[in-house]
Amino acid sequence: MLLNYLKPVLYFIPLAALQLVVVPLMTIYEISPNLILVLIVYFTMLYGQIYGTILGFVLGFLFDIISGGLLGASMLSFTVSVFIAGYFYNENKVDTNTATFLFTIIVFLCGSINSFLFSSIAISNPDVKLISLILEIGFLPGLYTSVFSLPIVIFTTKKGIE
Amino acid sequence: MINSLRRFIYQFKEYFLVAILIIISLSLLSSNDKPGIKKLRTFALGNFAVLSEMVNSVTNIFTSEPSYSELKSENAKLMLELNRLRKKGLENNNLRSMLALEDTSKYKLIAADVISKLVNRIQGNFILNKGIKDNIKIGMPVIAPQGLVGIISEVTDNYSVAKMLFNSSLNIAVTLQRINVDGILSWNGRELIIKNIPTTYEIEIGDGVETSDFSSLFPPNIPIGIVSKKEEIALGLLHTLSVQPFADIRSLGNLFIVQIVPSIQINQLEMNLIK
């Protein structure tokens, strides 16, 4: 069981470096994909809701302390968004959930919720409008993140990363 | 009773779990400034920044531009000098008799490379490759050759975190150069704005914006950008100004840290007054 948690943490380290160094080069008007979320959602689809929720919490914590952002913001947003993603988990449909476009849709939903929550928590300016928060800050990063789930859909074999 | 409670908890275990994790996250959110948390962040940031720097050096092979750090440093110094002179020119026109104004001090610049960025619409941060060992302190302004970029918010031995202008938690006292009107510049998630400027002031699109003499965070006269749009609010009594920064903050790779912490100087002055 511990190995199940260790594996995504090991994937997290290079992915976090990519998220902080390479992803900023790919931003479009401050809209950036969240590679960490794709990883967490993938493992949630493999191992279930409770596993994913704990993983989201742990990786959110790690990402917060290494990114210099507000500690607790990613933790909370990852935990809640992955908890929601966990409802799509079905142990009999792991292949369908990870190797079809359903995975992209789950990542999109999760990414939008994550980005919306993160921004709502981190925001300290009352001038940000709710519509902007939902559409520009929530929906568009979710859409961009879902694009990065496509390689997993395309290349995932029946056994996945395992 | 205990059995039924246990059964109830087991039945809704995922909800209990997520509730507990949310409570922990919220409690951490409210304790960001505690020394223990800061120490942990400094430790993690310092160690992970090494890896980020390695990835960054690989990335630079593909995205590198020739390093003209000395020229850029000179350019940044000249930019500050030019802005000071421009300001003096405007003052000279307005107040002809006041030719011998006190010169603002010259600041030492430390060149730094951006090794990673946290980019989103609300919180923009840079991680820079200069830290305590290079005499970097929290509160030091960060500039690019074109103008102000942000402020140092955290420092480790070898690295530092800078809050960029595109960060909703950063509010800066600014002055509109031509008419000498002060305001507060903030990031609203989409653009930099200055709110509540009375419409009685004749503000024009293209007016320069720089840090104010009243700023406790930044030294005065650092250029920030120009007014790109003005909107009337509150029955036409007030303006909200949009500001286009001079520096292309999204694509910056090399920056300069100005070795001054204005807030410390002000605090020291205030302490002297109290004494």
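In what order do the elements of chain A run from the N terminus on? They run α-α-α-α-α-α-α-α. This is a predicted model, in which local features need pLDDT of at least 70 and side-chain atom pairs count only at pLDDT 80 or more, while totals for chains, interfaces and linings use all residues. Residues are numbered from 1 along each chain as its sequence is written, chains are lettered from A and ligands numbered from 1 in the order in which they are written, and side-chain values use heavy atoms, with hydrogens and water left out.

**Chain A**

- Chain A has 8 helices and 0 strands. Helices (H or I, at least four residues) and strands (E, at least two) are DSSP runs, numbered from the N terminus.
- The radius of gyration of chain A is 15 Å, which agrees with the value near 15 Å for a compact globule of 162 residues. That radius is taken over C-alpha atoms, and the globule rule is 2.2 Å times the number of residues to the power 0.38.
- Along the principal axes, the C-alpha atoms of chain A fill a box of roughly 45 × 30 × 30 Å.

**Interface of chain A and chain B**

- Chain A brings 48 residues to the contact and chain B brings 49 residues. Contact means heavy atoms within 4.5 Å.
- The two chains bury about 4300 Å² between them, with 68% of it on carbon and sulfur atoms. Buried area is the accessible area (1.4 Å probe) that two parts lose on being put together, summed over both.
- A:Val21, A:Glu30 and A:Leu71 supply 16% of the area that chain A buries against chain B, more than any other three residues.
- Between chain A and chain B there are 0 salt bridges. A salt bridge is a side-chain nitrogen of Lys or Arg within 4 Å of a carboxyl oxygen of Asp or Glu.
- The count of residue pairs in polar contact between chain A and chain B is 1, both residues at pLDDT 80 or more. A polar contact is a pair of N or O atoms within 3.5 Å; within protein, one must be able to donate a hydrogen and the other to accept it, and residues adjacent in sequence count only if both atoms are side-chain atoms.
- Elements giving two or more residues to the side of chain A that touches chain B include helix H1 (2-21), helix H4 (73-85) and helix H6 (101-122) of chain A. H3(A) gives the largest share, 10 residues.
- That side of chain A divides into 31 nonpolar, 14 polar and 3 charged residues. Ala, Val, Leu, Ile, Met, Phe, Trp, Tyr, Cys and Pro count as nonpolar, Asp, Glu, Lys and Arg as charged, and the others, Gly among them, as polar.

**Domains of chain B**

- The domain assignment of chain B gives domain 1 (2-59) and domain 2 (61-275).
- In chain B, 12 residues of domain 1 are in contact with 13 residues of domain 2.
- The area buried between domain 1 and domain 2 of chain B is about 1100 Å², and carbon and sulfur atoms give 58% of it.
- B:Leu45, B:Glu53 and B:Thr59 supply 40% of the area that domain 1 of chain B buries against domain 2 of chain B, more than any other three residues.

**Salt bridges**

- The whole structure holds 4 salt bridges over all chains.
- B:Arg178 forms a salt bridge with B:Glu204, with the closest N and O atoms 4.0 Å apart.

Definitions and conventions
Domain bounds come from an automatic or database domain assignment.
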